[in-house]
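The points below are meant for a colleague who is opening this structure for the first time. Please read them with the sequence and the coordinates side by side.

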Amino acid sequence: MDLLSHLALGFGVALTPVNLLYALVGALLGTLIGVLPGIGPVATIAMLLPTTYALEPVSALIMLAGIYYGAQYGGSTTSILMNMPGEAASVVTCLDGHQMARKGEAGAALTIAALGSFFAGTVATLLVAAVSTPLSSLALKFGPAEYFSLMVLGLIGAVVLAHGSLIKAIAMIVLGLLLGIVGTDVNSGVARFDFGIPELSDGIGVVVVAMGLFGFSEIILNLEMTEKRELITAKFKGFWLTKKQFQAAWPAVLRGTGLGSILGVLPGGGAMLSSFASYTIEKKIAKDPSQFGKGAIQGVAGPESANNAGAQTSFIPLLTLGIPENAVMAMMVGAMTIHNIQPGPQVMTSNPGLFWGLIASMWIGNLMLVVLNLPMIGIWIKLLTVPYRVLYPAILLFCAIGVYTVNNTSFDVMQTAFFGLIGVLFAKLECEPAPLLLGFVLGPMMEENLRRALLLSRGDPFVFMQRPISAGLLIAAVLLIILIGLPNIKRKREEAFQEA
Amino acid sequence: MSAIRSPKDFWSGVLFVLIGAAALALSAKYSLGTAARMGPGYFPRILGILMIALGLILALRSFKLEGAPVPRWKLRPTLVVLGSVVMFGAIVQSFGVAISTVALIVAASAASREFRPKEALIAGVLLATLAVGVFVVGLKLQLPIWPTFFG
């Protein structure tokens, strides 16, 4: 079977000692940063990117994937132990995970989070492997019109499924697109929006934008608040689940895995949406919903499995279509570009070792997290007792070094500071930065495909409606907007986000 | 101005209109081309118009929809954090990683209300050692350890 030989190739690449080492280092570093409060996966990847510069592209990608899973996992640890989500996807884990910890069941909560994640990761890895080949060959048939419409759907989907004001989110996308086209236009050679600054003619770096919006501004906003943290230091009753807990948890793990795998593939989906949806469903179908919020193990098992499955399957659109569907994947595009890989359907055929090696390493990374993190939990707890006033300057330092070393110029550092400022401003105005980053990454691709599509159609804008796939994608995008505008659904959507 | 019911929406609307207008003004000098042969000014102008439209909707809507006020902006963390980072970027090439790191850590620590100079200095020295070890020695990034302006 094709799938098996592909996976065998992948494991052949991922299981070399060097790549195993990088998967391990990535998972460890990712957890280390992910455990820190207020640093989500986007900033974590941006911050740790320089540690991969010297590596081969395959090893670098494997390490980055490890960083991503580690960051994800680190987030759940802080949620359970400190009631402090390290990142958005683990917000719901706080609800019941932290209550379990207060009841002295922190060990059980951490174990089910780890095992659920691992199970979900295994299923999702297989899914990624299975659908990549057919999707890639479909994507290779896409012309510029289809690509443009796909990006429109992706961007709209991303804002519809995110929370907050729809118009603000769309405006943030447009701003991102504008920022994305700063620099020399590939077709005419004209430097656009460069304000006469030579450095800007190469465009703005994705690390600069991500680090400013997600790293610096987050730290500033944290500093504005007064520090209130509560660490559960009570003795663990061990990491084992009771039989009753296990029986309650495993169906939730299965449901979460299924849900996360599907939601992860949708535009705008991924880890966060999956965990929210899973929590809502677990609460709905529970025999005794009143236990939710008081330490129900299903409330940890479901969302944690779902978020890991979603985190994994959100690689599908990126690897097969070359289109990132959320901010983390946008960051991965940036990281891949730095290593001279243009994500898209051609990667699988032109560089199969890299492609399947990355997929295999997803599973290995998950395995490592389970094996490593439960025993290392003591170290992470120690780290959390370090006060924020000591932590944040250190985080800033690594961010600054990270940004500086992308191009070795201080101009990048200044730009990042500027985006940090903008990030704080937008946070005050309640405008989400994630759509901006997505738009930023897609900007040049979108312009290029629009240009090509219209060139082929001799300027006829109806080309997007005449080609069936393109029309279908655009109609889906319009339907999404209409759907979300309906008062009934609008309320439901707000409720869903309210619950967390 | 009391008619503004949702200040966050209003001000983001204003901001988006301004950005859109700036984008339009700046792209006026790039040739527009035609739909079939788009010039460098085509896409930016579409985006600029879209941006203004969205900003206007937001701003106008803020007279009808109820919303929270814009929270206060405490300037100290913003200025100190970003200032210390910019300083790091400016001096790292000439002063080297070791000194720049200590400077960044001490300066950035001052953003916190619980600033303790001695603790910050110790943290700075430790982190400088770590940064040199990891980034310069370990990862071999192109960064000087010590000041380079002596020769």
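1. A compact globule of 500 residues would have a radius of gyration near 23 Å, and chain A, at 22 Å, agrees with that expectation. Please keep in mind throughout that this is a predicted model. The C-alpha trace of chain A spans about 70 × 50 × 45 Å along its principal axes, and 62% of the 500 residues of the chain count as buried.

2. The secondary structure of chain A consists of 22 helices and 2 strands. When the contacts in chain A between residues at least 6 apart in sequence are considered, 80% of them join residues at least 24 apart.

3. Which residues of α21(A) are buried? They are A:S470, A:L473, A:L474 and A:A477. Seen down the axis of α21(A), the buried residues fall within an arc of 95 degrees, so they line one face of the helix. This pattern can be read against a general rule: an α-helix has 3.6 residues a turn, so residues three or four places apart point the same way. On the other side of α21(A), the residues A:P468, A:L479 and A:I482 are exposed.

4. Two residues of chain A deserve a look at their backbone angles. Most residues other than glycine have a negative phi. A:N408, although it is not a glycine, has a positive phi of about 55 degrees, and it sits in the loop between α17 (388-407) and α18 (410-428) of chain A. Because A:N408 has 12 C-beta neighbours inside 10 Å, it counts as exposed.

5. A:E430 lies in the loop between α18 and α19 (433-456) of chain A, and with 17 C-beta neighbours inside 10 Å it counts as partly exposed.

6. Turning to chain B, one finds 4 helices and 0 strands, so that the elements, taken from the N terminus on, run α-α-α-α. The radius of gyration of chain B is 24 Å, well over the 15 Å that the globule rule gives for 151 residues, and the chain is therefore more spread out than a compact globule. Its C-alpha trace spans about 55 × 45 × 25 Å along the principal axes, and 37% of the 151 residues of chain B count as buried.

7. The domain assignment divides chain B into domain 1 (7-61) and domain 2 (75-138), and the C-alpha centres of these two domains of chain B lie 39 Å apart. Of the contacts in chain B with a separation of 6 or more, 65% are accounted for by residues 24 or more positions apart.

8. How many residues of chain B are in contact with chain A? There are 57, and they meet 52 residues of chain A. The elements of chain B that give two or more residues to this side are α1 (7-27), α2 (42-61), α3 (75-109) and α4 (117-138), with α3(B) giving the most, namely 16 residues. By class, the side of chain B that touches chain A has 40 nonpolar, 11 polar and 6 charged residues.

Terms used:
Residues are numbered from 1 along each chain as its sequence is written. Chains are lettered from A and ligands numbered from 1 in the order in which they are written. This is a predicted model: local features need pLDDT of at least 70, side-chain atom pairs count only at pLDDT 80 or more; totals for chains, interfaces and linings use all residues. Two residues are in contact if their C-beta atoms, placed from the backbone, lie within 7 Å. Ala, Val, Leu, Ile, Met, Phe, Trp, Tyr, Cys and Pro count as nonpolar, Asp, Glu, Lys and Arg as charged, and the others, Gly among them, as polar. A residue is buried if 20 or more other C-beta atoms lie within 10 Å of its own, exposed if 12 or fewer, and partly exposed in between; C-beta atoms are placed from the backbone. The arc is that of the directions from the helix axis to the C-beta atoms. The radius of gyration is taken over C-alpha atoms; the globule rule is 2.2 Å times the number of residues to the power 0.38. Domain bounds come from an automatic or database domain assignment.
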